[in-house]
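Reader: I have a model open and want to learn how to read it. Please go feature by feature.

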Amino acid sequence: MTDIKSMTQEEITDALCAMGESAFRGKQVFSWLHRGATSFSEMNNLSKSLRERLDKEYYITAPLVVRKQVSKLDGTIKYLWELRDGNCIETVLMSYHHGNTVCISSQVGCRMGCKFCASTIAGKVRDLTPSEMLDQVLFTQLDSGKDISNIVLMGIGEPLDNRENVLRFLEIVNHSDGLNIGMRHISLSTCGIVPAIDTLAQENLQLTLSVSLHAPDSVTRSRIMPVNKSYDVEELFAACHRYFKKTGRRISFEYAMIDGVNDHDWQADLLAERIHGMPGHVNLIPLNDVVESEFKPSRRVAAFQKRLESHGLTATVRRSLGGDIDASCGQLRRKEMEARGGNAE
Ligand code: SF4
């Protein structure tokens, strides 16, 4: 059986043509899938025999809602989905004045080991398929009744550790007969896998690359992000400058403010120095309190922002959404896995 929602429209069309069907059937099937059809029997503009044949050869993914938490403070919705194999992933829907943004997961768990992150505590279980990433957007839209205008790949997982599936997902979600979400409305976050940033640059996509930086010096960054031991800050910034040169796209730097660790003035100065020469944007993130974490929220967010701005950088403080729900990435999945019997595998 083949996962039909991980196929591009062109691949579906080719497969149907090989069955002796007309090419326009490919567009019909693709459009059904991207409107949320969960079975071929719903596709009532196809012949019964074709529906039966598709049902024998393909399956349609559709995650189940295990939990849904709605913030009473700001309406942020967090979904915990169960996938076909019983694994769980999280998706968060946030409403801003410019539209609705869905933050999706790209892997079940994560192997990158960032010290402030609940998603990595039990490691990576597996990569998500393109259909499983797409379903998070599609079924969040259908369940919430809110049109999704923006996607951020910033949930559980490192997208560039699942590059092939992520690129395929981007192609599918961008298709005009599907959800039709423009590349400029998509952000992809990475913890800094340098060769993968260089490979992504070659794709020349118009998405926003968002680097989870969290410290501008290697001593601090290695302490909180093990990836820095493989690709240190200097190599990372060199790759960012190359990325900008190739794509012309401004890079966004994510910076979770951790008390006494990365919130000193000298670190703001060093960050500005590293970004110098390209139009970077720094997104300061007030840290959520993760019970298991040794890191606590910084009390110097405003001062750090001012210091960056004094160097001519744009720095914004991310509105902390969903403060009354388990909005921090990985927390809800972890609780569910513990409730089911011990750990996150
Ligand atoms: S912050 Fe992102 S890359 Fe780092 S462990 Fe968490 S999910 Fe993985």
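Author: Start with helix axes. Axes are lines fitted to C-alpha atoms, for helices over the stretch in contact, and angles run from 0 to 180 degrees between N-to-C directions. Helices (H or I, at least four residues) and strands (E, at least two) are DSSP runs, numbered from the N terminus. The axes of α6 and α9 come within 9 Å and cross at roughly 0°.

Reader: What should I know about the model itself?

Author: This is a predicted model, in which local features need pLDDT of at least 70 and side-chain atom pairs count only at pLDDT 80 or more, while totals for chains, interfaces and linings use all residues. Residues are numbered from 1 along each chain as its sequence is written, and side-chain values use heavy atoms, with hydrogens and water left out.

Reader: How are α6 and α9 oriented to each other?

Author: Angles under 35 degrees count as roughly parallel, over 145 as roughly antiparallel, 65 to 115 as roughly perpendicular and the rest as oblique. α6 and α9 are therefore roughly parallel to each other. Contact means heavy atoms within 4.5 Å. On the α6 side, the residues in contact include Val194, Ile197 and Leu200. On the α9 side, they include Leu236, Ala239 and Tyr243.

Reader: Which classes of residue make up the contact of α6 with α9?

Author: Ala, Val, Leu, Ile, Met, Phe, Trp, Tyr, Cys and Pro count as nonpolar, Asp, Glu, Lys and Arg as charged, and the others, Gly among them, as polar. Here the residues divide into seven nonpolar, two polar and four charged.

Reader: Which residues of α6 are buried?

Author: Buried means under 20% relative accessible area, exposed over 50%, partly exposed in between (1.4 Å probe, protein chains only). In α6 (residues 194-203), Val194, Ala196, Ile197, Leu200 and Ala201 are buried. Seen down the axis, they fall within an arc of 155°, so they line one face of the helix. That arc is taken from the directions from the helix axis to the C-beta atoms. These buried residues pack against α5 (163-173), β10 (186-190), β11 (208-212) and α9 (233-247).

Reader: What follows α6?

Author: Asparagine 204 follows, and its phi is positive, near 55°. Glutamine 206 sits in the loop between α6 and β11.

Reader: Is glutamine 206 buried, partly exposed or exposed?

Author: Glutamine 206 counts as partly exposed because its relative accessibility is 26%. A polar contact is a pair of N or O atoms within 3.5 Å; within protein, one must be able to donate a hydrogen and the other to accept it, and residues adjacent in sequence count only if both atoms are side-chain atoms. The side chain of glutamine 206 makes one with the side chain of arginine 184, at 2.9 Å.

Reader: At what angle do α9 and α10 pack?

Author: They pack at about 40°, with axes 10 Å apart. α9 and α10 are therefore oblique to each other. Val233, Glu234, Phe237 and His241 of α9 meet Leu271, Arg274 and Ile275 of α10.

Reader: How many residues of α2 are buried?

Author: Eight of the ten residues of α2 (residues 24-33) are buried. Among them are Arg25, Phe30 and Trp32. The buried residues of α2 pack against α1 (9-18), α3 (48-57), α4 (130-144) and α5.

Reader: Where is asparagine 100?

Author: Asparagine 100 is in strand β6 (residues 99-103). With a relative accessible area of 15%, asparagine 100 is buried. A polar atom of its side chain lies 2.9 Å from the backbone oxygen of aspartate 147.
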